[in-house]
Structure formats: C-alpha cells, structure tokens
Amino acid sequence: MFDTALLLTAALVAGALNSVAGGGSFLTLPALVFTGMPPVAANATGTVALLPGYMAGAWGFREDMQPPPGLSMRAVVLLSLIGGSAGAALLLFTPDDVFNQVVPWLLLVATAMFAFGPQLRQWAGSGSHGPTSPLKAGLGMLAVAAYGGYFNGGLGILLLALFGLLGQTQLNAMNGMKNLVSALLTAIAVAIYAVGGIVEWKQAFLMMIAATLGGYGGARVARKLPAPVLRWGIVATGLVMAGVFFWRL
C-alpha cells in the first residue's frame, strides 16, 4: 500500500513538474528505485508513465504553441522521432552502473544552459546574424531528442535551453513545444523500451493516471505565472535534481 501511494504521488507531482519545468523523472525514478526496481528498468518504466502527462501538458499549452526559429513544426516532429529512437536504442545497451554515473552531469549541463541561455545566445552572436540557421537548429533538436530518448530526466530543462538559444523568448510557447516534443520522442522511446523488455507495465499503468492529471493541471496553472517566476523556478528545479543524483553517486 505504501509503495502504491508513493508511486501515485510521485507521478502526480512529476506530471505537473514536467508540464512547467521538466525533470519529473527525478521524482518517478527514485520512487521506482525505492520500491526495488533496477535503475535502467526504473527509467524506462517512469518514462512510460509520464507519456500521457506530456500529452496533457501539450494540450494545456495549445493556444501558445509555436516552433522555435529555424525549424518548422514538421521538422520538429521528424527530428524528435529520429532522435528519440536513437537514444532509446542506446539505453537498451547501457549497464545500470554507467547510467547512474552519467545522469547528474547531463542534468547539470542542461540547467546551466537554460540559466545562461540569453547570455550564451548573445555570445554566439545569433541575434545579429539574422534568423537561426536551419542546419544548426536541426542538429540541436536532434541531439536533445536523442538525450530524451536515452534519459527522460531533465529533458524539459534541456529543451527550454535549446529553444532559448534558438531565439524563442515566450516561455509559454517554449513550454508548449517542450511538452509536444517530449510526447513525441517519449512515444517512440516507449515502443523501443517495450520491444527491449525493460518496462514494468504494472507500475507504469498505475502511474499514468496520476501523471496525466498532474500534466494538464500544471500546464493550466503555469500559463498564469509571471515569466521570471517560471524561469528561476526551472533553474532551481534543475539544481536540486542534479544535487540529488550527485549525492547518490
């Protein structure tokens, strides 16, 4: 009974967190590991559980959604599916100990990119050289999608960082695209995880319901929050999650 309550609570809060800031897997992953599940299987199972939450979050931001500069909506969809497939395939061959070592560094880099995104974009000079290059935007989207297919934790923060570097400035539009991309690449990753046999379906289905409720509710609340509150809330979330996983090393 305690394990069930823990997983439902983690999924509900993770769904809301993913719709706003990303990083919900840092709630579902520890919760699943606490119940005795190996880390790689826990990552895959938590990703399955959060998929409906991503979909609900994207629908919650439907009025604001628009692709980042340099990419069309069609390109975003295609690159998300390709990158998500590559990352998910890589996870199937990753040992648990290697997975634990890589996670906190990936999240820390993602958080730093989002926190200093405006400065990085200014340093890169993208604002003074016209529209973002479609090639650079495409390569960035592909790399982040591969990360998301491999490890779902911190994906939202990394996507927000990428969109900021590409020149997108409206956080609600960025959040809408973040949830859409997350849903797309997570869907293809889930299919690959299922074929690889690393998903614990009983726990995944249990957590799906709570994650969906949290995802939609979080998106609708986030649309009413001031942009600075969202931005620094996202940075704080990323730092806390990175610290938790460094502590686990």
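## Ala44 in helix 3

Ala44 lies in helix 3, residues 39-60; helices here are DSSP runs of H or I with at least four residues, numbered from the N terminus. Ala44 is buried, at a relative accessible area of 0%, where buried means under 20% (1.4 Å probe, protein chains only).

Not counting residues up to four places away in sequence, Ala44 touches Tyr193, Ile198 and Val199; contact means heavy atoms within 4.5 Å. Between the C-alpha atoms of Ala44 and Leu92, 48 residues apart along the chain, the separation is 9.5 Å.

## Basis of the values

The model is predicted: local features need pLDDT of at least 70, side-chain atom pairs count only at pLDDT 80 or more, and totals for chains, interfaces and linings use all residues. Residues are numbered from 1 along each chain as its sequence is written, and side-chain values use heavy atoms, with hydrogens and water left out.

## Helix 7

The buried residues of helix 7 include Gly138, Met141, Val144 and Tyr147. They pack against helix 3, helix 4 (73-92), helix 5 (96-115), helix 8 (155-166) and helix 9 (171-196).

## Helix 5 against helix 8

The axes of helix 5 and helix 8 are 8 Å apart, at an angle of about 35°. Axes are lines fitted to C-alpha atoms over the stretch in contact, and angles run from 0 to 180 degrees between N-to-C directions.

On the helix 5 side, Leu107, Ala110, Thr111, Met113 and Phe114 meet Ile157, Leu158, Leu160, Ala161 and Leu165 of helix 8.

Definitions and conventions:
Helix = DSSP H or I, 4+ residues; strand = E, 2+ residues; numbered from the N terminus. Buried < 20%, exposed > 50% of the residue type's maximum accessible area, 1.4 Å probe, protein only.
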